[in-house]
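Me: I want to learn how to read features from a model like this one. Can we go through it step by step?
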Amino acid sequence: AQLRYSVPEDREPGSSVGDLAKDLGVDVRTLTTRNLRLVSESGQQHFQVDLAAGVLLLDSRLDREALCGQSPTCSLHLQLVMENPLQLHRVEVDVLDVNDNAPQFPKPEVVLEITEVANPGTRLPLEVAEDPDMGSNSISTYELSPSKHFALSINVRGDGVKMPEIVLEKALDREKVAVHYLTLTALDGGNPMRSGTARVTIHVLDANDNPPVCDPPVSKVHLEENVPVGTLVTQLNVTDLDEGPNGDVEYSFKISNNAPGKFTKLFSLDPRTGEIRTKAPLDYEESNAYEIAVRARDKGSPAMEGHCHLRVELIDINDNSPEIVLTSLSSPVQEDATPGTVIALIGVKDSDSGDNGQVRLQIAKELPFKLVSSFKEHFSLVTSGPLDREKASGYNVTVRAVDSGSPPRVTQKTFYLRIADVNDNAPNFSSPFDTAHVQENALPGTSVFSVSASDPDEGSNAKLSYSILDSGVQDVPISTYFRIDQDNGTIYTVRALDYEQDKVFQVPVEVKDDGSPALSSTTVVHVFVLDENDNAPTIVYPTVPKGSAFHQTIPALAEPGYLVTKVVAVDADSGHNAWLSYQLQETAEALPFQVERRSGEIRVAQALRETEDPHRLVVEVRDNGIPSLSASVVIIISPEENSMQDFAKSLDLPKSSPKDTNLTLYLIISLVSISLVSCVMFALMAARCL
């Protein structure tokens with residue numbers, strides 16, 4: 001919004017200038033919470049805001065003449081900044097002139113000279129009175145005290161300044177009156193009217209009766225700013241009808257009180273030729289026109305002078321680059337900010353005028369932002385699309401200001417806008433399931449596997465913690481078998497595992513971030529228990545009490561190859577640890593028997609003698625583990641006459657014996673279990689590779 005108020009320059013400090021809350025449509029009670037701030041564009045604070053009443057107050061007495069000089073208008077520009085939401089309002093306060101200054105002449109007494117042969121109509125220029133007030137309060141007219149010979153004439157200069165001149169109305173006679181005393185009064189148009197006076201003393205001189213004449217008396221020149229120093233501005237055309245020294249003219253600047261001595265620093269005047277040249281760079285932005293008064297004076301006695309008035313108007317060129325002012329910046333901005341969110345307030349100004357001072361702002365099209373014009377020379381940078389910190393954590397925003405001059409001038413300003421993270425991404429495991437292996441009987445606290453998850457968010461939104469989701473294994477919580485380090489995701493055993501009891505575990509792991517609200521994801525770790533040779537073979541046949549021997553009879557005339565009996569053993573382990581081999585322990589004497597290494601069958605190795613004593617055999621069953629475990633059984637074989645047995649009798653097991661059925665069942669279960677575990681492992685490995 002843009003507000004406009006006016007205040008007279010003589011208003012007392014503390015006076016109300018305007019009701020901001022009412023004009024802005026803002027509740028007075030919210031001004032404090034919205035952190036209303038007043039910023040003066042000129043850098044000087046002349047006003048203050050009463051937050052309780054919501055009004056703009058005068059902080060100090062204003063002096064329009066000190067603030068704006070001779071400018072026809074006097075405005076002070078303020079900016080009101082409010083937050084939550086961020087808003088910028090522009091306030092323009094017009095300082096109204098009051099008639100607080102009386103006209104004043106540069107000198108209290110003016111001394112003029114005029115030849116006695118001067119013709120009626122001769123003009124004597126007078127010094128212009130100064131009144132710092134403007135408009136109707138400035139100088140309105142001049143008055144001259146009554147005189148028989150002189151009258152007052154008022155001319156209006158090109159810039160509107162009234163120039164008083166004394167006009168000779170009746171021929172002079174120096175012998176009658178050598179000096180004339182007059183009073184010049186300057187009156188302003190204020191109410192009440194103010195005035196100033198100067199005493200005018202006119203000396204009547206003899207001889208040189210033709211003053212230099214400037215043709216034309218008032219001229220205008222147009223000149224581009226920044227022309228090279230020494231450029232010819234103009235050459236004055238002055239004529240003097242006298243001859244000799246009375247017609248020899250010298251030129252000099254006539255200092256004006258409007259800009260005392262200012263133009264003399266910028267222009268030089270040749271006293272002989274009347275050429276006016278530049279002697280310093282000219283700047284349109286500092287002043288767009290200069291009024292130059294030149295005095296042309298002859299060398300007569302008494303000398304006569306004429307006055308030339310030259311107005312130099314500068315032509316603006318595009319010599320100033322635009323200026324970008326970053327009034328406010330909200331950084332960082334949340335990545336979930338809605339389109340249209342105000343990010344920054346940007347002002348722009350160009351000291352040039354016309355098209356040279358018309359500025360447009362641009363930003364890169366690929367940025368998710370756009371510029372919105374708030375009011376003249378003020379823009380808002382707002383979001384134009386969704387933001388994603390994971391794709392871009394920040395943006396280098398380059399604002400480019402281009403004016404409309406020819407050629408155009410460009411200024412750019414770059415600032416960094418950081419994007420703040422919100423918890424919009426859940427943690428993610430690299431795989432929905434993983435496979436791990438652990439030896440059975442491993443000590444509690446053994447590291448099994450380390451799961452790893454990633455979260456593209458940052459800060460607390462990316463701080464991850466791991467946990468095991470409790471699920472039962474045979475009604476036993478999984479947490480009684482495994483635990484996980486919540487910081488690094490390493491899974492440890494809680495107790496020793498038994499392959500013969502549980503061969504594989506499914507451990508569900510959850511990872512959760514520390515955002516608000518927290519996001520999570522899960523994975524499953526398949527932990528396979530690797531068998532260890534911790535079970536010795538068990539002899540299931542023949543069954544004998546510990547420390548006893550199994551007695552077996554055979555025919556005394558049994559031939560080599562005769563099946564005496566068969567030792568059957570099982571091993572609770574699996575794989576190589578369950579591969580069994582049978583052998584006879586060595587004895588001092590050679591035995592006429594042998595045992596099959598794989599089957600455990602004991603056969604006659606050589607023919608027996610008719611009178612053969614009983615033989616004591618120790619059969620050892622050993623597995624293939626490392627280290628190898630074993631079991632043994634003692635068998636006493638006694639040859640007997642007429643002892644004929646079939647294999648079933650020799651085993652003392654009927655073919656339909658329940659023990660034989662159980663043995664077969666154990667072997668089938670072991671084979672099926674090993675096959676299933678192998679298939680599961682192959683399937684998991686294939687799926688992971690895919």
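Predicted model: local features only at pLDDT ≥ 70, side-chain atom pairs only at ≥ 80, totals over all residues.

Me: Which parts of the chain does the pair link?

Reply: Distant ones: arginine 4 is in strand β1 (residues 2-8) and glutamate 92 is in strand β7 (residues 87-96), 88 residues apart.

Me: Is arginine 4 buried or exposed?

Reply: Arginine 4 is exposed, because its relative accessible area is 55% and the exposed class begins over 50%. Glutamate 92 has 11% relative accessibility, so it counts as buried.

Me: How many salt bridges are there by this rule?

Reply: The count comes to 20. Arginine 272 sits in the loop between β20 and β21 (275-278), and aspartate 248 in the loop between β18 (238-239) and β19, so parts 24 residues apart in sequence are tied together. Arginine 272 is partly exposed at 49%. Aspartate 248 is partly exposed at 24%.

Me: Which residues are linked in a network of salt bridges?

Reply: Lys220, Glu291, Arg311 and Glu313 are linked that way.

Me: Now disulfides. How many does the structure hold?

Reply: The structure holds 1. Cysteine 214 is joined to cysteine 308, with an S to S distance of 2.1 Å. Cysteine 214 lies in strand β15 (residues 213-214) and cysteine 308 in strand β23, so the pair ties together parts 94 residues apart in sequence. Both cysteine 214 and cysteine 308 are buried.

Me: Why is the disulfide right-handed?

Reply: Look at the torsion about the S-S bond: it is about 125°, so the disulfide of cysteine 214 and cysteine 308 is right-handed.

Me: What should I look for in a nonpolar core?

Reply: The general idea is that nonpolar side chains tend to be buried together in soluble globular proteins. Here the largest nonpolar core has 26 residues, and Phe267 and Val294 touch the most other members. Elements giving two or more residues to this core include β16 (218-224) and β22 (289-298). Beyond four places in sequence, the residues that phenylalanine 267 touches include Val233, Phe253, Tyr290 and Val312.

Me: Which nonpolar residues form a patch on the surface?

Reply: Leu665, Tyr666 and Ile669 do, with about 300 Å² of accessible area together. Leucine 665 lies in helix α4 (residues 658-689). Leucine 665 is partly exposed at 44%.

Conventions
Residues numbered from 1 in each chain as written. Heavy atoms only, no water. Patch = residues over 30% accessible without salt bridge, like charges linked within 9 Å, V, L, I, M, F, W, Y side chains within 5 Å. Areas by Shrake-Rupley, 256 points an atom, 1.4 Å probe, with all protein chains shown as cover. Salt bridge = Lys/Arg side-chain N within 4 Å of Asp/Glu carboxyl O. Helix = DSSP H or I, 4+ residues; strand = E, 2+ residues; numbered from the N terminus. Buried < 20%, exposed > 50% of the residue type's maximum accessible area, 1.4 Å probe, protein only. Core = buried A, V, L, I, M, F, W, Y, C linked by side-chain atoms within 4.5 Å. Contact = heavy atoms within 4.5 Å. Disulfide = S-S within 2.5 Å.
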